[in-house]
Amino acid sequence: MKKLLLRAVAPVLVGAALGHTSVAQVRPQVPQNTSAQPNDSSQVTLELPLDSLVTLPAPIDSARLVWLQTPPELRDLVGDRVSCFDTDVPHTFNASVMAFVRLFTERQRTYTQRVLERENLYFPLFEKYLAKYHLPTDLKYLAVVESALIPTAKSRVGATGLWQFMGPTANDLRLRRDEWVDERMDPEKATEAACKHLRYLYGVFHDWEMVLAAYNWGAGNMQRVMRQTGKKTFWEVYPKLPAETRNYVPTFTAIMYTMKHAQDHQLHDATLRYQRAELMDTLQLGGRAFDLTRLARACGYTDSMALVRLNPELKKPWLPAGYRPYAVQLPAAVRPALALVDRATLFDYCRPMAELPFPLVPRPVPLQGVAPLPTRSLLAEGAPREASADTAPRYRRVRHTVRRGETVAAVAERYDVTPAQVRRWNELSKSQSLASRRQVVVFVPIRQAPAPEPTAVATRTARPVRVPEAIRSSLGQVASPAVVSTAESEVPAVVAKAETPRPVRSARPARPEAAPAAASAVEADDSVPSEYTVRRGDFIEKIARERNLTVAQVMAWNHLTSEVVQPGQKLVLRPSDDNEAEAAPTVAVASARTGRAAASAEPKETPAKMPAAPKVHLVQPGDTLYNISRRYQGVTVEKLRQLNHLKSDEVKPGQKLLVAG
């Protein structure tokens, strides 16, 4: 009975269960947007059902696309070859590596062949230094990724050389860079520096893939990404890297595979011009001016730039005289040719054109009946000499020390020039102000001396003619004007008497030839103030130097017996009227015999004797043993140490030092 009941109820239960399942799987109706216009595409909204598997379109992955387009046989072959590399450098095979493999073996075959031409030229050098620093030999392919084995390659950001060093990195690795030489382009020095840098990066990351990424992006940037993500391998931080760094490691693996299996991809060709390393020799210049193009000509090269390419670190094909000791790289095969001449003849021939004398200007062919212009080039033909230009300087260079609060306009007004001239002479911008105690250069016009009056022609009646005054001496002495008389039968007689000024005691003897020049400079410069108030930290030598004077002049004009000055003391910076000796002219008209006797009897003026150097010097603020030794003749720093029993060069203000034994 129960079995019959179950047979009757079972179909009903199964039908009910199937009915509920079909109701649950009914697709929900999407509500219609009544506000959207069917013809307006900007108003149409796509609403997906809740259980739909449709997703938004993802960005196209070019590496993945190349992977899908690559035949499976080629993918398996490249993968097997990469996995068989016996090296410590990264050789992971994935879609990115496969994309670059197809780039170098198919679309950029010419680029790969140019690299293969230079392979035998640089790879032996790379292998030597990689073995020296115990680094994997396959790191030599890194230079291919960086510069395609071109030693003079430069990137858009300034990286230079085979290993593409930036300026700060080159400075850290002691690669010299100046106007004439950039050692980043020296294959040997740059390779050794790259090995040192790679060894340092491996000590930081201990993973060669991270080392290559840090070589491209910088160790600091890679360490920052590692701290942000908490990851330590390249493929774990791969999404956080910039595009260039993400492609760097796959490019290295693809280059390594391409160059190792270049023969399998028919990249080698008989038409390629393979370069090989040759035995090199050096030529020490020793600071001489040298032109490599002239040396190439002397060695018999048809290409004058042949030796320049062997020295790629040179920015110019020649070096100036006085440059640091430099060794030029030469092929050893040219040494016998250079041995035929001595070194002096060789260096004289290889002087740059800039160091050679200029050729003479060709003489024009004289035309019959045409008078040539009186130029210097026709002096040999007897043409009149051109009037030589006045070579006397028209401006005097003055160094001005800026005071606190002084502006460019104030300096210009003081020296009677324009502010624009002051800014141009000192390379100042319009918005740049002057700092206190800064030295600025000003060119002050020199007042031209008036032309001497012409001497009157003598007549039978003697007529006095005034002679120009003599130049003032350093102590303010003025020679008395002389009056002469001329006649046919008379000879002028000059009788001049001048008071001899009393000798002024000075702290040190002044050079006789420097005093008159400095005195005339002071009189020619009206912009220099006549008085100066001593400030704290000033000393007499500093005051005299800033105003183109000597210490003896300042001490003489102010009647000082020592070089010690006090703050607030006023100093006279020009000779006063009391120091000038005024002498009335004496006129004597006599016969020729009397004139000769008077002239011969006139005593010669003897120069004033300068006092001896003082024996004790009082140290002023800012003094050093070197400055003190410069003030006294015959005194050296070593002598000051011996006289004062000093063990060091330190001196203190107020200290008394013996300057004479």
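Leu 149 counts as buried because its relative accessibility is 0% (buried is under 20% relative accessible area, exposed over 50%, partly exposed in between, with a 1.4 Å probe and protein chains only). Its phi is near 60°, a positive value in a residue other than glycine. You'll find Leu 149 in the loop between helix H7 (142–147) and helix H8 (167–172); helices are DSSP runs of H or I, at least four residues, numbered from the N terminus.

A quick word on the ground rules: this is a predicted model, so local features need pLDDT of at least 70 and side-chain atom pairs pLDDT 80 or more, while totals for chains, interfaces and linings use all residues. Residues are numbered from 1 along each chain as its sequence is written, and side-chain values use heavy atoms, leaving out hydrogens and water.

Arg 174 also has a positive phi near 60°, and sits in the loop between H8 and helix H9 (187–205). Arg 174 is exposed, though, at 74% relative accessible area.

On to the rings. Phe, Tyr and Trp (its six-membered ring) pair if centres lie within 6.5 Å; planes under 30 degrees apart are stacked, over 60 edge-to-face, the rest tilted. That rule gives 13 aromatic pairs. One of them, Phe 234 with Trp 235, is edge-to-face at 5.0 Å centre to centre and 80° between planes. Phe 234 is buried at 0%, whereas Trp 235 is partly exposed at 28%. Ring pairs also link Tyr 122, Phe 123, Phe 126, Tyr 141 and Trp 163 into a cluster.

Notes: Helices (H or I, at least four residues) and strands (E, at least two) are DSSP runs, numbered from the N terminus.
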